[in-house]
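Hello,

Here is the structure we talked about. Please look through it first, then read the notes below.

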Number of protein chains: 2
Amino acid sequence: MASDWATFGADLHLELRGTRLRAGLMDALREAVRSGRLEAGTRLPSSRSLAADLGMARNTVADAYAELVAEGWLTARQGSGTRVARRTAPRTPVPSAPSSAPPSPPSAGTGRRRPAAPVHNLNSGTPDLASFPRADWLKAYRRALTDAPNEAFGYGDPHGRTELRTALAEYLARARGVHARPERIVICAGFVHGLMLIGQVLRARGVRDVAVESYGLDLHDGLLRRAGLGTPALGFDERGTRTEELAGLEGCGAVLMTAAHQYPLGGALPPDRRAAVVDWARASGGFVLEDDYDGEFRYDRQPVGALQGLDPERVVYLGTASKSLAPGLRLAWMVLPRDLAVEVAEAKGAVDWSSSAPDQLAFAEFLRSGAYDRHVRAMRLRYRRRRDQLVAAVAAHSPETRVSGIAAGLHAVLALPPGTEQATLRAAAWRGLAVQGVNQFRRPTVPPTLDGLVVGYATPPDSGWQGALGALCGVLP
Amino acid sequence: MASDWATFGADLHLELRGTRLRAGLMDALREAVRSGRLEAGTRLPSSRSLAADLGMARNTVADAYAELVAEGWLTARQGSGTRVARRTAPRTPVPSAPSSAPPSPPSAGTGRRRPAAPVHNLNSGTPDLASFPRADWLKAYRRALTDAPNEAFGYGDPHGRTELRTALAEYLARARGVHARPERIVICAGFVHGLMLIGQVLRARGVRDVAVESYGLDLHDGLLRRAGLGTPALGFDERGTRTEELAGLEGCGAVLMTAAHQYPLGGALPPDRRAAVVDWARASGGFVLEDDYDGEFRYDRQPVGALQGLDPERVVYLGTASKSLAPGLRLAWMVLPRDLAVEVAEAKGAVDWSSSAPDQLAFAEFLRSGAYDRHVRAMRLRYRRRRDQLVAAVAAHSPETRVSGIAAGLHAVLALPPGTEQATLRAAAWRGLAVQGVNQFRRPTVPPTLDGLVVGYATPPDSGWQGALGALCGVLP
C-alpha cells in the first residue's frame, strides 16, 4: 500500500551526513528507499514543505528530487507529486545487447513458476545511461544550432559535416593515435551502419570473405553474411586472436578485429600479432577493420593506440559515441584509406542515410569545447571504481573465480567451472539478473572450450549497481 | 567597397511601414539591401545606436538583425559587427536534389568559357532552409532532453520512440486523415530509408515487382531495383497516373505513388483512380506505398486526404519532416499494416539503424506543443505567396507559358515548347540558375512526350527569391 504524505511526514527521519546538503539529502533519501522505510508509491512531501522542515533552500530539495527522479529512485508526475518509484519494476528497463541478449525471461502471470523479470542488468554493451551529460550536451546543441549555416538543414554530404570530421580528426589523432584527415572520415549512424557500408563496398570490389574473431557479436557476422560475404573465424588462444592464421585463408579480403580490447573476452592483441595482422594486409592487399568500440576506457596504463596508426592505408578505423556517450545519439565514424572513403561515401549517399546535421554539429562542438574529454575522464573514474568493486566482491564471495579482461572497457569476464555456464545463467534469470555467457558470443563454427559470464559493469545506474553486484555474487560458485 | 558606419549613418533612411515595428524594420532593411543602397560588406550601426536613432527598443532592433542574419541578408561576426552579406556568393550553397540534379556546371578558371557556377537555386525537393524554426526547435529539444527518461539514451526500439509515435498518430489522423495507431508506426531516417526497408521486406515475401509512376526520382527506382525488385512504370495521361494498368501487371506486389501531389508533375490523383489503386491492392493482395512528401502544403482548398485512409490494411503511408521542416533532421515515418509493421521493424532492427532518440523526443514535443502546426501554417503562407509571384512573373514575361501543378507543394511545372527543354536548361546554366527539366524525372522506359521545367520555388531563401525568379523569366520563351 502506498502511504500518504500525512503518515510519511510523521516518519520522516533523514540523517544528513556531510556538508554538501543536496548530496546528503539524496544519500538519505536513497538509504530510506533502499532500507524499505519509504515504500514504493509513497508520496513525498513537496519540495517546499520538506525544505521548510529541514531548513534548506527549496531549490536544494527540488534539485535533489529531480536528480533522484533522473536516477530512477523517485517518479514525478504532474498532479500526483513526487513518489517513490515502484521497486518491482526494474529501475532501468533492461536493454538487450544488440544481438546477444539471453533468452528473455517469460512474463509472469501465466500460472507456471517462471524466472522473475530482470531487475538487475549486467548485460554488456551499454554505458551507464543515467550519466549522460544532459546539461553539457544541451549547451553544445544550443550553440551548434545557433551557429549553424542555413545549408546545414539541407540534405547534406554523405561524408558527414565538415565541422564534425575536423573535430574528430583532431581528437582521434590525440586520443587514439589515429592518422585521420577530415576527408578520410565518414560519419555513420552507429558501428553497424559503418560495417554494413564497408561490407557492401568490399563485396562490390569482389572480396569473398571477411575473417572474424572466434568470439564476437552475431549481429556483425550476420550483417557481413547478408552482404554476401563469408565469415571464417580465426582461432583464439591464451594470447588472443591467432592473426597468423590469416595467411592460410584463401580469398579473404579483410578481417574484423577488436584489437585494443577483444569483445567480449577482454585483452589487447599482443604486439607481434598486431604486426602480423598489418603485415598480412600489406602483403595480400587486404584490409583490417578495427572495431575500436571502447578505446577511451583503459584503466591501468596508457590506452593501446589504434592499430590504424600502423598503416592508415590498410586499416579501417571504426569508432562510436555509443559507449563513450550514449547509443541513443546514433553517432559513429570511420577513418578510411582514400579510395575506400570515396566508395563508402557513395554507398552511403545512395540511400541518403545521414545522421541529423544539428546532432553532428552539436557533437563537433562537444568535442571542440572539451566537454567530451571531461565526460570520458569522469566516466573512466566511475567505471574503474565499479570494476574495482566488482573484483573485490568476487574475491570476497567466490575466491576461486578468476576475473579477466579488466584492464580496459566496460565489461569483465568471470571464468566458470567447465560445464556450469548454462546453469549459472538460469540461476541468474531466477534472481532477476540479466547477464550474458561467453558462449552466446561464440561463432557457430568454433568449438566450446570456455565457460564464463560477461559482466557489463557499466550498464546499471549508480542506484542499481550494488543490487546488481549482490545478485551476481549470489550466483557464483 | 564596404562603406563605414559613419558614411552609412548619414545615408540612413528607412521607411517604416505598418505598425509591427520589427517586421517593418526588417522589410526596410531588406529593401535597402535589395535596391543596392546598402552595399555588400557595409557595417550596420550597432543595435543600440540604431534603436536610439529610431526610438525603438534595443531588443526590437537586435531581433530584426538576428532574423536577417538567419535569412542570409546580413552576417554577424564577433568583433566585426553586423554587416550586409556578400551578394556575389550564393546566399545558400546550391544543394542538388537527391538523384536528379542537372549536370553540375564545371568550375571556372580553366581558361575556356563555361557556364557560371549556379547562384540561383530553383532545384526542387528542398524547403527554404533559412526558415528553419531554430528557436522553437531548440525549445522543444531542451524540454525533450530534460524530460527524457534515462533509457532513452540506450539502443532503443527499432519502431522508434513511443512518445513520437503517439504524437504522430494524433497529428496524422487530424491533418492527413491517416488511420494511425502508434504500434503501426515505424520511425525512419528519411523517406528513402523507409522505402529501402519496405523493399527488403516485400522482396523477402516473394514480391517480384513494385510498379512506379512514369515520372519520379531515379533514386527511388534504383533502391527498389537494388533490393532485387523490378520496377515497371505505369502510364500517364492528362488525368495523372493510369492506375487502371495495375490489373494487367503480372507479379506486381506493390505500387509506389505520389497520390496527393504527383512528383514532379503536380496534380492530385482523381477520385476514380484513387479508388482503382486501392481496389487493385485489395483484389490482388498487393500494397500501395503512398509517398506523401509534401501533403502539408496545399493552397487553394482543403488538403487531399491520404490514400491510406481508404484502406489502412493495404496502403503503407510514408511521410517526412524533410519538406515541412528540414531534410537535415533526418526524420520520417511509416504507417503500416500490422504484419508489415512487425517485419519492417525487424528489418530495421537487424541493422540497428535508428534516428537519434533526443531528436525523436524533440520532434514529439514540437508536434505536441503546436509548434509544428504553427510552422507549417507560416510556411504555407510564405510558399503560397512565392507561388503567386511565380505565376504572376511568368504571366508577365512569357504569357504563352503554362504553369501547372500549383495547387499544392513546393514546386511547379512550366511547360516548354516541344524540343526546347535541353536548350532552356543550358541557357539557365549560363545564367547561373540551377533548375531541373521534367525529362530528368522520366523513367527510362517511358517515351518522351513532355518538355518543361520543374521549378522548386520553395528552395531559395527570401533574399535570393527575386533574383532567382528574374533569372528564370530570362530563360523562358
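**What was found**

Chain A contains 15 helices and 16 strands; helices (H or I, at least four residues) and strands (E, at least two) are DSSP runs, numbered from the N terminus. This is a predicted model, in which local features need pLDDT of at least 70, side-chain atom pairs count only at pLDDT 80 or more, and totals for chains, interfaces and linings use all residues. Residues are numbered from 1 along each chain as its sequence is written, chains are lettered from A and ligands numbered from 1 in the order in which they are written, and side-chain values use heavy atoms, with hydrogens and water left out.

**The two chains**

Chain B is superposed on chain A by a rotation of 179 degrees with 0.6 Å of shift along its axis, at an RMSD of 1.1 Å. This is the relation of a two-fold axis. Both copies use the same surface, since 98% of the contact residues of chain B recur in chain A. The superposition is by least squares on the C-alpha atoms of residues with pLDDT of at least 70 in both copies, and contact means heavy atoms within 4.5 Å.

**Burial and cores**

Of the 477 residues in chain A, 57% are buried. Buried means under 20% relative accessible area, exposed over 50%, and partly exposed in between, with a 1.4 Å probe and protein chains only. In soluble globular proteins, nonpolar side chains tend to be buried together. A nonpolar core here is a set of buried Ala, Val, Leu, Ile, Met, Phe, Trp, Tyr and Cys residues joined through side-chain atoms within 4.5 Å. The largest one has 136 residues, and those that touch the most other members are A:Trp137, A:Trp333, A:Phe363, B:Trp137, B:Trp333 and B:Phe363. A second, separate core of 41 residues includes A:Cys188, A:Tyr293, A:Val454 and B:Val351.

Beyond its neighbours within four places in sequence, B:Phe363 has contacts that include B:Trp137, B:Leu164, B:Trp333 and B:Tyr372.

Helix α6 of chain A (residues 162–176) has 15 residues and reaches 20 Å from its first C-alpha to its last, close to the 21 Å expected. The expected span is 1.5 Å times one less than the number of residues. Among the buried residues of α6(A) are A:Leu164, A:Leu168 and A:Leu172, and also A:Arg165 and A:Arg176. Their cover includes β4 (185–188), β11 (332–335) and α12 (357–368) of chain A. After α6(A) comes A:Gly177, with a positive phi near 65 degrees.

In β4(A), A:Ile185 and A:Ile187 on one side and A:Val186 and A:Cys188 on the other are all buried, so both faces are covered. In a regular strand the side chains alternate between the two faces of the sheet. Over 4 bridges, β4(A) pairs with β11(A) in the antiparallel sense, where pairing requires that DSSP finds at least two bridges between the strands. A:Ile185 has A:Val335 as its bridge partner in β11(A).

**A sheet in chain B**

An open sheet of 4 strands in chain B has the order β12-β13-β16-β15, with antiparallel pairing. Its edge strands, β12 (403–404) and β15 (436–437), each pair on one side only. Strands β13 (residues 411–415) and β16 (residues 452–456) of chain B are joined by 5 bridges, and B:Leu414 stands opposite B:Leu453 in β16(B).

**Cysteines**

Regards
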